Structure formats: structure tokens, C-alpha cells
Amino acid sequence: MTIWERQSPMYGSLFKMDYKYRQNLTALIMAYTSKDSSVFDVGCLQGQYVKPLRDSSYLGKYKGVDIAPTFIDIARADNPKDTFEVGNIHALVEPDKSHDMVVCSHVVDHLHRLDLAVPHLFRISSAYVIL
């Protein structure tokens, strides 16, 4: 059972509709990264992409950041080999071009000032940004 299937009763039908999107995004990440690429997930929630990526033979570095400490606690408990930190998209401290891919799913639609946040994502990525 995937993390999305396990969590769907908590969120109801809206979460189930989102399930297909998350499957497609995982496939997109795998299509544009190699097995040893570095993925930085901004707004990672509970680390929802880690297990599907690992199940797809992804062996690279994965780091997730979310503003909600509770989500980060869940992500760390479920994925102890990966890195998760509490952080804010407006104050990301990752070095320039430090990750092959930056994923920022379902975050920018909640921001009031995209011009202050999105440039950080492109600064951190050395190749791809998925919004």
C-alpha cells in the first residue's frame, strides 16, 4: 500500500483525485533524473514522493523541506534514511545549483509573492525545476 493510499481516508475524495497527479509527478521526476541525481522537494509534506521514487530504483540524494514541523516529523519517522528539514520557501539556504532537480508541488498557489520565492528554486537547481 502506498503512502497516498494509506492517507486517503484522512482526506477523502479530494485526496483520491490528487493520487493520479502524484503518480504522474513521480514518473516525471524519474524521467528527468538519473538514479543518482539529487532531488530537493520544497513543500514536501510528509515526504510523499520518497517511497515511490525509491520503489522506482531512485538511489540519489533526496531532501525535503516543509514549513509544518508536524509533517517533517512524520516524514522523518517514515523515511529515516532521507533528509527532512523545517523551512520556508522564502528563506531557503541551499547553495546555488546544489540539486539536479527542485520540486515544488502545490506550494506556489499558496504564496502571495511569487517573485520573492520562485527565484530561489531556480537558483538551487542545476537542471530542472518542477512547479
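Which residue forms a salt bridge with Lys51, and how far apart are the closest N and O atoms? It is Asp55, and those atoms are 3.0 Å apart. By salt bridge I mean a side-chain nitrogen of Lys or Arg within 4 Å of a carboxyl oxygen of Asp or Glu.

A word on what you are looking at. This is a predicted model, where local features need pLDDT of at least 70, side-chain atom pairs count only at pLDDT 80 or more, and totals for chains, interfaces and linings use all residues. Residues are numbered from 1 along each chain as its sequence is written, and side-chain values use heavy atoms, with hydrogens and water left out.

Now the overall layout. The protein has 5 helices and 5 strands. Helices (H or I, at least four residues) and strands (E, at least two) are DSSP runs, numbered from the N terminus. Along the sequence the pattern reads α-α-β-α-β-α-β-β-α-β. There are 131 residues, and 41% of them count as buried. Buried means under 20% relative accessible area, exposed means over 50%, and partly exposed is in between, with a 1.4 Å probe and protein chains only. The protein exposes about 7200 Å², and carbon and sulfur atoms supply 59% of that. Those areas come from the Shrake-Rupley method with a 1.4 Å probe; for residues, only the protein chains shown count as cover.

Next, contacts, meaning heavy atoms within 4.5 Å. Take those between residues at least 6 apart in sequence: 59% join residues at least 24 apart.

Back to the salt bridges. The structure holds 6. Side chains of opposite charge can pair when their charged atoms come close. Asp55 and Lys51 share helix H3, residues 50-55. They sit 4 residues apart, about one turn of the helix. Asp55 counts as exposed because its relative accessibility is 54%. Lys51, at 41%, counts as partly exposed.

Where does Lys63 find its partners? One is Glu85, with the closest N and O atoms 3.4 Å apart. This pair links distant parts of the chain: Lys63 is in strand E2 (residues 61-66), Glu85 is in strand E3 (residues 83-86), and 22 residues separate them. Glu85 is partly exposed, because its relative accessibility is 33%. Lys63 has 9%, so it counts as buried.

Another partner of Lys63 is Glu94, and here the closest N and O atoms are 2.4 Å apart. Glu94 lies in the loop between E3 and strand E4 (99-103) while Lys63 lies in E2, so the pair ties together parts that are 31 residues apart in sequence. Both Lys63 and Glu94 are buried. Together, Lys63, Glu85 and Glu94 are linked in a network of salt bridges.

On to the nonpolar cores. A nonpolar core is a set of buried Ala, Val, Leu, Ile, Met, Phe, Trp, Tyr and Cys residues joined through side-chain atoms within 4.5 Å. The largest has 15 residues, and Ile29, Val39, Tyr62 and Phe84 touch the most other members. Helix H2 (13-31), H3, helix H4 (69-78) and E4 each supply at least two residues of this core. Apart from it lies another core of 11 residues, including Val65 and Ala117.

Last stop, Tyr128. This residue lies in strand E5, residues 125-130. Tyr128 is partly exposed, at 37%. Setting aside neighbours within four places in sequence, Tyr128 contacts Tyr32, Asp100, Met101 and Val102. Tyr128 and Met101 are 27 residues apart in sequence, yet 4.7 Å apart in space, C-alpha to C-alpha.
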